[in-house]
Amino acid sequence: MKILVTGVTGQLGHDVMLELQSRGHEAIGAARKEFSLTDFEAARAFVERTHPDAIIHCAAYTAVDRAEDEKDLCMITNGGATRALAAAAKDVGAKFVYLSTDYVFPGTGDTPYETDALKGPANAYGLSKLAGETAVQELLDAYFIVRISWVFGVNGKNFVRTMLRLAETHDALTVVDDQIGSPTYTKDLARLLVDMVESEKYGVYHATNEGFCSWAEFASEIFRQAGKHVTVTPVPSSAYPTKATRPKNSRLSKAALDAAGFQRLPAWQDALARYLCELHKNPNK
Ligand SMILES: NC(=O)c1ccc[n+]([C@@H]2O[C@H](COP(=O)([O-])OP(=O)(O)OC[C@H]3O[C@@H](n4cnc5c(N)ncnc54)[C@H](OP(=O)(O)O)[C@@H]3O)[C@@H](O)[C@H]2O)c1
C-alpha cells in the first residue's frame with residue numbers, strides 16, 4: 001500500500017515510517033516542510049498529489065500547557081487540519097488513522113474508560129483533539145480513531161528521557177502519584193497501527209501498553225531498570241500546579257481491540273526495558 005504519514009519528525013510518526021518500510025509498504029513521510037497543518041490548502045494539495053491508499057495522521061499540536069495560551073492555534077492545528085486531511089482522504093478514497101488521546105475524557109472515577117464513554121475534556125488540548133475525532137467521524141466511514149496516552153519513543157522528548165536526565169543531578173525526586181494511566185511505546189503502537197491500516201476493521205480503539213501505574217510508579221520503574229539510585233517520593237498533583245488540568249484517571253479499556261481481534265500491546269514494564277535498550281543504541285537521537 002501507499003501510505004502517507006504526518007508528523008514524521010515526532011515520536012510516533014518516526015516509528016510508523018520504520019514499521020511501514022519494514023513491511024514493504026510505500027511510506028510517504030510529511031514533515032512541516034512538506035506542509036504546515038495550519039495551511040489547509042497545502043495539506044489538501046499534498047494528499048491529492050501523492051494520492052495515498054491510507055493516511056496515518058500522527059502530527060498534532062502537543063504542547064499541552066502552552067495550548068492554554070494558544071487555544072485558537074491548537075484548535076486549528078488539531079481540529080481544523082484533521083478536518084481538512086479527512087476531507088482530502090475522502091476525495092482520494094484513502095483510509096484514515098487519527099491518533100487521539102485519553103484527554104478527551106474528563107479523567108474522573110477509577111475504572112477504565114470504554115471507547116464510547118462520555119467525553120468531557122478538561123483542557124484546551126483535549127478539546128482540540130476531540131474536535132479532530134468529531135471531524136473524522138462526520139466525514140468518513142473508513143477510519144480508525146486510536147486513543148493513546150503517556151507516549152515514549154526514541155525520536156523526541158518524553159517522561160522517560162526527563163527522568164533519566166534528572167537522575168544525572170538528583171538522588172531524590174518528588175513525583176505525582178494521583179494520576180493513573182498507561183505508558184505507550186511508539187514502536188509497539190506502530191505495529192498495531194500498521195496492522196489496523198492493513199485491515200478494514202474500522203472503528204474507535206484504545207491502544208496503550210498493558211497495565212496501569214501512577215507517574216511515581218513509572219518513575220521508580222525507570223530508575224530501577226536503568227540502575228539509577230534515585231529515591232522517588234510520591235506527591236499529589238496539587239504539589240505540581242500546571243496551566244492545563246491533567247486527568248487523574250487515564251485508564252483506557254482495550255475491549256474494542258479484543259472484540260476486533262487485534263493483538264494488545266505488551267506490558268508497559270516490558271516496553272520500557274526494550275526502550276531503554278533502544279536509547280542505549282541511539283544515544284544521540
Ligand atoms: N505524546 C503523548 O504523550 C501523547 C498522548 C496522547 C496522544 N498523543 C497523540 O499522538 C500523536 C503523536 O504524538 P507524538 O508524541 O509523536 O507527538 P510529537 O513527538 O510532539 O510530534 C508532533 C509532530 O507534529 C508535528 N507538527 C506540529 N505542529 C505542526 C504543524 N503546524 N505543521 C506540521 N507539523 C506539525 C511536529 O512537527 P515539528 O517537529 O516540525 O514540530 C511533529 O512531527 C499526536 O496526535 C498526539 O496528539 C500523544
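Visitor: Which helices each supply at least two residues of the lining of the second largest pocket?
Guide: In this predicted model, they are α5 (159–167) and α9 (268–281).

Visitor: And which residues line that second largest pocket?
Guide: The lining is made up of R161, L164, R165, A226, L276, L279 and H280.

Visitor: How many of the lining residues are nonpolar, polar or charged?
Guide: Four residues in the lining of the second largest pocket are nonpolar, one is polar and two are charged.

Visitor: What volume does the second largest pocket have?
Guide: Its volume is about 190 Å³.

Visitor: Let us turn to the sheet. In what order do the six strands come?
Guide: The order is β2-β1-β3-β4-β5-β10, and these strands form an open sheet with parallel pairing.

Visitor: Which are the edge strands?
Guide: They are β2 (26–30) and β10 (203–206), each of which pairs on one side only. From one strand to the next, the twist averages 20°.

Visitor: Over how many bridges do β1 and β3 pair?
Guide: Strand β1 (residues 2–6) pairs with strand β3 (residues 54–57) over four bridges, in the parallel sense.

Visitor: Which strands does helix α2 lie across?
Guide: Helix α2 (residues 40–50) lies across β1, β2 and β3, and runs at about 160° to β1.

Visitor: What about helix α3, which strands does that one touch?
Guide: Helix α3 (residues 71–92) packs on the sheet and touches β1, β3 and β4 (95–101). The direction of α3 makes about 165° with that of β4.

Conventions: Residues numbered from 1 in each chain as written. Predicted model: local features only at pLDDT ≥ 70, side-chain atom pairs only at ≥ 80, totals over all residues. Heavy atoms only, no water. 1 Å grid on protein atoms, 1.4 Å probe; cavity = no way out; pocket = protein on both sides within 12 Å on 5 of 7 lines; lining within 4 Å. Points joined across faces, edges and corners; volume = space filled by probe spheres on them. Nonpolar A, V, L, I, M, F, W, Y, C, P; charged D, E, K, R; others polar. Pairing = 2+ DSSP bridges. Axes fitted to C-alpha atoms, helices over the stretch in contact; angles between N-to-C directions. Contact = heavy atoms within 4.5 Å.
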